[in-house]
Amino acid sequence: MPVFDSHTHVFPDKVHKRAIEVLVEKSHGLPAFTDGSRGDQERAAFEAGYDGWLHCTVVTNARQMRSVNDWVATWNTWPHLSLGGLYPNAPLDEVLAECRRIRELGLLGVKFHPEYQQFEILDERLAPMWETLSELRLPVLFHAGNDIGFIYEQRHSAPSDYARLSERYPELVIICAHMGGWNNWDEVEKDLCGANVFLDTSFSKAWMTDQEQFERIIRKHGVKRILFGTDSPWTPLDVGLREIESTGLSREEKDAIFYGNAAGIFPLPQLQ
């Protein structure tokens with residue numbers, strides 16, 4: 001049973017320890033289960049039986065776009081693959097140019113974080129960016145819903161926003177992390193399930209008050225549109241596996257979530 005984690009995070013070797021310290025503090029003491037380095041991510045993943053994983057970079061200012069994408073492109077090879085990053089509040093011509101460069105660099109798509117990047121996904125100014133990403137066939141993965149580091153602040157996206165985005169750009173491959181909206185799962189069931197988006201399982205089940213909701217969303221949205229993810233280092237990798245294995249899904253359905261669905265989006269090797 002191959003396993004691909006569609007949602008992980010690592011940081012450059014010079015800053016990974018400090019990055020983890022800052023994020024733990026920002027997240028009110030949330031524990032990290034790797035030290036944030038690529039080496040420790042690889043160690044933890046192989047120990048847990050993973051075959052490959054996807055890094056989801058977050059670009060927090062316009063100056064970072066080129067340098068972050070250059071960095072991840074230097075090691076974007078199996079088993080440690082990577083998305084690129086865009087800063088939506090940068091000048092639009094720069095954003096569109098970087099969309100094309102991300103494709104040229106061979107990165108697998110783009111990660112967005114409306115909370116850390118402080119933008120509204122339905123802002124009309126961004127229409128050319130979504131159109132360009134759709135034309136380039138670059139999948140987009142969003143942090144969806146609240147963020148534990150911004151828990152007391154107004155969120156910048158709602159599950160219904162992603163449903164509307166998918167209607168506006170039906171060719172755009174949209175992945176909504178955290179089962180469609182962290183801490184907004186009632187809204188996910190009401191406004192997002194069944195929409196033309198993928199949901200990843202990262203950092204969700206343990207935070208749900210209704211523990212049956214995790215599997216209910218999977219069933220309601222459709223197993224073929226669910227990707228396995230952990231948000232490592234914020235979830236132990238063995239725990240991520242058990243969250244899927246403990247469901248009442250069939251072996252075939254679990255295999256699709258663990259690997260097959262992601263292989264339909266990203267250029268993953270064919271594994272037995």
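Rings of Phe, Tyr and Trp (for Trp, its six-membered ring) pair if their centres lie within 6.5 Å; planes under 30 degrees apart count as stacked, over 60 as edge-to-face and the rest as tilted. A pair of aromatic rings is described by the distance of the centres and the angle of the planes. Searching the whole structure in this way finds 16 aromatic pairs. In one of them, the ring centres of F46 and W53 are 5.3 Å apart and the planes stand at 75 degrees, so this pair is edge-to-face.

The structure is a predicted model, in which local features need pLDDT of at least 70 and side-chain atom pairs count only at pLDDT 80 or more, while totals for chains, interfaces and linings use all residues. Residues are numbered from 1 along each chain as its sequence is written, and side-chain values use heavy atoms, with hydrogens and water left out.

F46 has a relative accessible area of 44% and is partly exposed, whereas W53, at 0%, counts as buried.

Other ring pairs link F112, F119, W130, F142 and Y162 into a cluster. W130 also belongs to the lining of the largest cavity, together with I121, L122, D123, E124, A127, L165, R168 and Y169. A cavity is a set of points on a 1 Å grid over the protein atoms alone where a 1.4 Å probe fits but cannot get out, and lining residues have an atom within 4 Å of a point. The volume of the largest cavity is about 30 Å³, a volume being the space filled by probe spheres set on the points, which are joined across faces, edges and corners. Helix 6 (127–135) and helix 7 (159–168) each supply at least two residues of this lining; helices are DSSP runs of H or I with at least four residues, strands are runs of E with at least two, and both are numbered from the N terminus.

Rings also meet charges. A charge sits over a ring if NZ of Lys or CZ of Arg is within 6 Å of the ring centre and within 35 degrees of the ring normal. The charged end of K26 sits over the ring of F150, 4.2 Å from its centre, and R225 lies over the face of F198, at 5.0 Å from the ring centre.

Technical notes:
On a 1 Å grid over the protein atoms alone, a cavity is a set of points where a 1.4 Å probe fits but cannot get out, and a pocket is an open set with protein on both sides within 12 Å along at least five of seven lines; lining residues have an atom within 4 Å of a point. Buried means under 20% relative accessible area, exposed over 50%, partly exposed in between (1.4 Å probe, protein chains only).
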